[in-house]
Amino acid sequence: MTTLVTPPGWPAEVRPPGAPDWEGTATAWLLDLCPPEYRSYPALRRHVVVLARFTALHVEASTRAVERGLSEARGGLREVAPPDVVEAAVQTWHREAARLLGVTRSVGLVEEALRGRRFRARL
């Protein structure tokens, strides 16, 4: 009997590689991370490894947007919002950056598994 293994950072919404319908759960999870329009592209729905690549690039672009938001927040918002609101916006950017760091890892792991990598338990 083969033990199904997932590494740290594997998304809870996706079954382990080799489990029944694991690619179906990967597809649903990846689509949830993408813009809604991605659901209407047949190539992405039929080829989950291609969807994974699109998702990785989308998350990467989101990360760049967060970095830009952080770099511009204080200077760009101080004329339109009070200091406490500007600081709240900066803290929100920081939380989003941390969230996206985890998402980036998770998407990368799922993409690797879709490309055939299997994970082994470590002692």
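Where is the place of glycine 18? Glycine 18 sits in the segment before H1; helices here are DSSP runs of H or I with at least four residues, strands are runs of E with at least two, and both are numbered from the N terminus.

## Basis of the report

This is a predicted model, in which local features need pLDDT of at least 70 and side-chain atom pairs count only at pLDDT 80 or more, while totals for chains, interfaces and linings use all residues. Residues are numbered from 1 along each chain as its sequence is written, and side-chain values use heavy atoms, with hydrogens and water left out.

## The segment before H1

Glycine 18 is exposed, with a relative accessible area of 55%. The term exposed stands for over 50% relative accessible area, buried for under 20%, and partly exposed for values in between, using a 1.4 Å probe and protein chains only. From glycine 18 to leucine 77 the separation is 59 residues in sequence and 49 Å in space, C-alpha to C-alpha.

Aspartate 21 also has its place in the segment before H1. With 53% relative accessibility, aspartate 21 counts as exposed. Most residues other than glycine have a negative phi. Aspartate 21, although not a glycine, has a positive phi of about 55°.

## The largest nonpolar core

The largest nonpolar core has 26 residues, of which Trp10, Trp22, Leu30, Val107, Val110 and Leu114 touch the most other members. Such a core is a set of buried Ala, Val, Leu, Ile, Met, Phe, Trp, Tyr and Cys residues joined through side-chain atoms within 4.5 Å. Helix H1 (22–33), helix H3 (48–77) and helix H4 (83–114) are the elements that give two or more residues to this core. H4 supplies the largest share, seven residues.

Beyond its neighbours within four places in sequence, valine 107 is in contact (heavy atoms within 4.5 Å) with Trp29, Leu30, Leu33, Ala52, Thr55, Ala56 and Val59.

## Packing of H3 against H4

Two packed helices are described by the angle between their axes and the distance between the axes. The axes are lines fitted to C-alpha atoms, for helices over the stretch in contact, and angles run from 0 to 180 degrees between N-to-C directions. H3 and H4 pack at about 165°, and their axes are 9 Å apart. H3 is therefore roughly antiparallel to H4; angles over 145 degrees count as roughly antiparallel, under 35 as roughly parallel, 65 to 115 as roughly perpendicular and the rest as oblique.

The crossing of H3 and H4 is left-handed, a term used if the near helix is turned anticlockwise from the far one by less than a right angle, with right-handed used if clockwise. The contact of H3 with H4 has 19 nonpolar, six polar and five charged residues. In this division Ala, Val, Leu, Ile, Met, Phe, Trp, Tyr, Cys and Pro count as nonpolar, Asp, Glu, Lys and Arg as charged, and the others, Gly among them, as polar.

## Packing of H1

H1 and H3 pack at an angle of about 30°, with 10 Å between their axes, so H1 is roughly parallel to H3. H1 passes H3 in a left-handed crossing. Glu23, Thr27, Leu30, Leu31 and Leu33 of H1 make the contact with Val48, Leu51, Ala52, Thr55 and His58 of H3.

The axes of H1 and H4 cross at roughly 145° and come within 11 Å; this crossing is left-handed. From H1, Trp22, Glu23, Ala26, Trp29, Leu30 and Leu33 meet Val103, Ser106, Val107, Val110, Ala113 and Leu114 in H4. The residues of this contact comprise 10 nonpolar, one polar and one charged.

## Alanine 113

Alanine 113 lies in helix H4 and, at 1% relative accessibility, counts as buried.
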